[in-house]
Every structure is written in structure tokens, then in C-alpha cells.
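Trainee: Could you walk me through this one before I set anything up? I'd like to take it a helix at a time.

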Amino acid sequence: MDILHNLREQMLRFRSISMHYPGRLAATWEEHRQLVEYIANHNSVQARKIAKKHMENSEKTLIMGIKQDKNSARLVQELFPH
């Protein structure tokens, strides 16, 4: 259970970093809106594309946010040593 708790804590931390990055919250809302629209219209091809785009944008933003936050950068190094 400690592993799951730690994973949840890290996910919350990473989400917080990502959502506080300028412009990311608005972009996330728009990506989610498009995703719901495509799913509602049974357009799986476009839904898949926007889901992939959303994940890629989220990853890029998180990496940029971590680079700006020294504590997060240190934590990532501890979690994923080279």
C-alpha cells in the first residue's frame, strides 16, 4: 500500500506542476472538450488523435515545469536515477 500511496502523491505533485504552468489549464480544458465531442460523435479516429496530442502536451509541460522547479527536478532524479 505504501507504493500506491507514494505513486498517488507523485501523480498529484506532477499534476500540480503541470496545471500551474502558464496556459496549460486552458489548453487541458480545450483538449478534454474536444475529446468528449469526438467520443459523443463516435469519431474514434479524431478522439484517438486528440487523446494522443493531450498526453504529449501534458508530458512536455510537465518536463518544462520540472526543469523550472528545482525540488521537483531533484525528486525525479531520485525516482528515476540514470
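Mentor: A word on terms to begin with: helices (H or I, at least four residues) and strands (E, at least two) are DSSP runs, numbered from the N terminus. This is a predicted model, in which local features need pLDDT of at least 70, side-chain atom pairs count only at pLDDT 80 or more, and totals for chains, interfaces and linings use all residues. Residues are numbered from 1 along each chain as its sequence is written, and side-chain values use heavy atoms, with hydrogens and water left out.

Trainee: Ok, where is arginine 24, and is it buried or exposed?

Mentor: Arginine 24 lies in helix H2, and with a relative accessible area of 4% it counts as buried (under 20% relative accessible area, whereas exposed is over 50% and partly exposed is in between, with a 1.4 Å probe and protein chains only).

Trainee: What does arginine 24 touch?

Mentor: Leaving aside residues up to four places away in sequence, arginine 24 touches Ser18, Met19, Glu31, His54, Asn57, Ser58 and Thr61, where contact means heavy atoms within 4.5 Å.

Trainee: And which other residues of H2 are buried?

Mentor: Besides Arg24, the buried residues of H2 are Thr28, Glu31 and Gln34. The four cover an arc of only 130° around the axis, so they sit on the same side of H2; the arc is that of the directions from the helix axis to the C-beta atoms. On the other side of H2, Ala26, Trp29, Val36 and Ala40 are exposed.

Trainee: What covers the buried residues of H2?

Mentor: Their cover includes helix H1 (2-19) and helix H3 (44-68).

Trainee: How do H2 and H3 pack, then?

Mentor: H2 and H3 pack at an angle of about 165°, with their axes 8 Å apart, the axes being lines fitted to C-alpha atoms, for helices over the stretch in contact, and angles running from 0 to 180 degrees between N-to-C directions. That makes H2 roughly antiparallel to H3, since angles under 35 degrees count as roughly parallel, over 145 as roughly antiparallel, 65 to 115 as roughly perpendicular and the rest as oblique. Among the residues making the contact are Leu35 and Tyr38 of H2 and Ile50 and Ala51 of H3.

Trainee: Switching topic, what is the phi of histidine 42?

Mentor: Histidine 42, in the loop between H2 and H3, has a positive phi of about 60° although it is not a glycine. Most residues other than glycine have a negative phi. Histidine 42 is also exposed, with a relative accessible area of 72%.
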